[in-house]
Amino acid sequence: MQLNLTDAALFVRVAELGTLSAAARERNEPVSQVSRAIARMEAALGVRLLHRSTHGLSLTDEGDTFLAHARRMLDIAAEMDSELSGKLAGPSGLVRICISPILAQMVIVPSLPGLYARHPGLQIDILADDRVSDLARDGIDIAIRAGVDNAESLVIRKIGEHGRSLYAAPSYLDKFGTPATPADLAKHRLIANSASQSLNRWPFRKSTQDSSEWDSTAAVWQSANKDKRLARSNRTDILLVKGHTRADSTSIVLALALEGIGIARLNELLVSPLVRRGQLRQVLADYTDRERIPVYAVMLQERHRLPKVRACLDYWQECFAAMRTHRDDDAV
C-alpha cells in the first residue's frame with residue numbers, strides 16, 4: 001500500500017467539500033487528476049471509498065473509516081511540525097478564522113500588527129461572514145462567535161465578553177437633543193437591525209429614580225408611539241424597537257449611527273474607539289443594562305492544541321481584555 005499525507009489531505013477535502021470538482025478547483029488541478037488519485041487510493045487499499053452518482057458523492061463504510069484515519073494522520077503531522085518548528089522559531093503557519101465582518105474590521109484587523117510582531121511566522125486568513133460556517137468543510141481553525149454549538153466534536157474557549165449600549169453621533173444629538181430618560185426615546189429616531197429581532201429588544205435597568213417616578217415614565221413611554229412598546233419584566237424594562245431606519249447588517253447599523261441618522265444599540269467593544277475619537281457618544285448610560293455576553297473561540301477537537309492556534313487565542317484574549325479596560329475607562 002503506497003499512500004502518503006498528500007493522498008490523505010486530498011481525500012479529506014473531497015469528503016468535506018462533497019464533490020471532486022470542488023476539490024479540484026481548490027487545488028487548481030483538473031478534475032480528472034483528482035479522480036485518478038482517488039482511484040489509485042481505492043486500488044491501493046483494495047476497497048471502494050466513495051459512492052458516485054448524479055447527485056454527488058457519498059462515503060462508503062470503508063470510506064468513513066479511512067476518513068477518520070486520514071484526519072488523524074494529518075493532525076498528528078501538523079501538530080508534530082508545529083511543535084518542532086515552534087520550539088525553534090515560535091508558532092508559524094496559516095491560521096484560518098471565521099468571524100463576523102464588523103468584529104473582523106473593528107477587533108481582529110487592528111490586532112494583527114501586534115500579533116505579527118509577537119509571532120512573525122504566523123499568517124492569518126480571515127473569512128468574514130455573519131453566517132455560522134461548517135468548520136470542517138471550510139477548513140476553519142478558529143471561529144469567533146457570541147453563541148456556541150454544543151457538538152461534542154467542538155472545543156470552546158471563552159476569549160472575551162461584551163455588552164451593548166445606546167450611541168449616537170454628535171451631529172444627531174446637536175440636532176435632536178440628548179434623551180434624559182428611556183421615555184424620551186419616543187421622540188427620537190431609532191435604528192433597528194432587520195436581520196435579528198433579538199437586537200431590537202432594548203433592555204433598560206432602573207436608575208436612581210424611585211419606583212413611582214419610573215412607573216410614570218414607563219407609562220408615558222408606552223403610549224407615546226405605536227411603533228414602540230414597553231414590555232415589563234422583574235429585572236429590566238424592554239423597548240421593542242421597530243426603527244425609523246433599519247438595516248440587516250451590524251456594520252451598516254454602525255455606519256448609519258456615524259452619519260447621524262439616529263440612535264443605535266451597539267457592541268460596546270466595537271464602539272469604544274469611536275467614542276474616544278469623539279465620533280459617537282453614549283446616551284442613557286445610567287439606564288444601560290449591564291448584562292455581559294461571552295465571546296467564544298470555537299475549534300475542532302484536533303485543531304485547538306496546535307501552537308499556532310494557541311498563540312492566536314492567547315493574543316486575542318489579551319486584546320479583548322484590553323478593549324474592556326478601555327471601555328471601562330471611557331465609562332468613568
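Helix axes are lines fitted to C-alpha atoms over the stretch in contact, and the angle between them runs from 0 to 180 degrees between N-to-C directions. Keep that in mind as you work through this predicted model.

**Exercise 1.** Find how helix 1 and helix 3 are oriented towards each other.

*Solution.* Let's begin with the general idea: a pair of packed helices is described by the angle between the axes and the distance between them.

Step 1. Locate the two elements: helix 1 covers residues 5-17, and helix 3 covers residues 31-45.

Step 2. Take the two values: the angle is about 110°, and the axes are 11 Å apart.

Step 3. Angles of 65 to 115 degrees count as roughly perpendicular. Helix 1 and helix 3 are therefore roughly perpendicular to each other.

**Exercise 2.** Work out which residues of helix 1 and helix 3 meet, and sort them by class.

*Solution.* Step 1. On the helix 1 side, look for Asp7, Leu10, Phe11 and Val14.

Step 1. Their partners in helix 3 are Val34, Ala37, Ile38, Arg40 and Met41.

Step 2. Sorting the residues of this contact gives seven nonpolar, no polar and two charged.

**Exercise 3.** Describe the second largest pocket and what helix 1 supplies to its lining.

*Solution.* Step 1. Start with its volume, about 680 Å³.

Step 1. The lining has 23 residues, and Arg13, Glu16, Leu74, Gly139 and Arg303 lie nearest the centre of the pocket.

Step 2. Helix 1, helix 4 (61-89) and strand 3 (93-99) each supply at least two lining residues. Helix 1 gives the largest share, five residues.

Step 3. Finally, sort the lining by class: ten residues are nonpolar, one is polar and twelve are charged.

Conventions: Residues are numbered from 1 along each chain as its sequence is written. This is a predicted model: local features need pLDDT of at least 70, side-chain atom pairs count only at pLDDT 80 or more; totals for chains, interfaces and linings use all residues. Side-chain values use heavy atoms; hydrogens and water are left out. Helices (H or I, at least four residues) and strands (E, at least two) are DSSP runs, numbered from the N terminus. Angles under 35 degrees count as roughly parallel, over 145 as roughly antiparallel, 65 to 115 as roughly perpendicular and the rest as oblique. Contact means heavy atoms within 4.5 Å. Ala, Val, Leu, Ile, Met, Phe, Trp, Tyr, Cys and Pro count as nonpolar, Asp, Glu, Lys and Arg as charged, and the others, Gly among them, as polar. On a 1 Å grid over the protein atoms alone, a cavity is a set of points where a 1.4 Å probe fits but cannot get out, and a pocket is an open set with protein on both sides within 12 Å along at least five of seven lines; lining residues have an atom within 4 Å of a point. Grid points are joined across faces, edges and corners, and a volume is the space filled by probe spheres set on the points.
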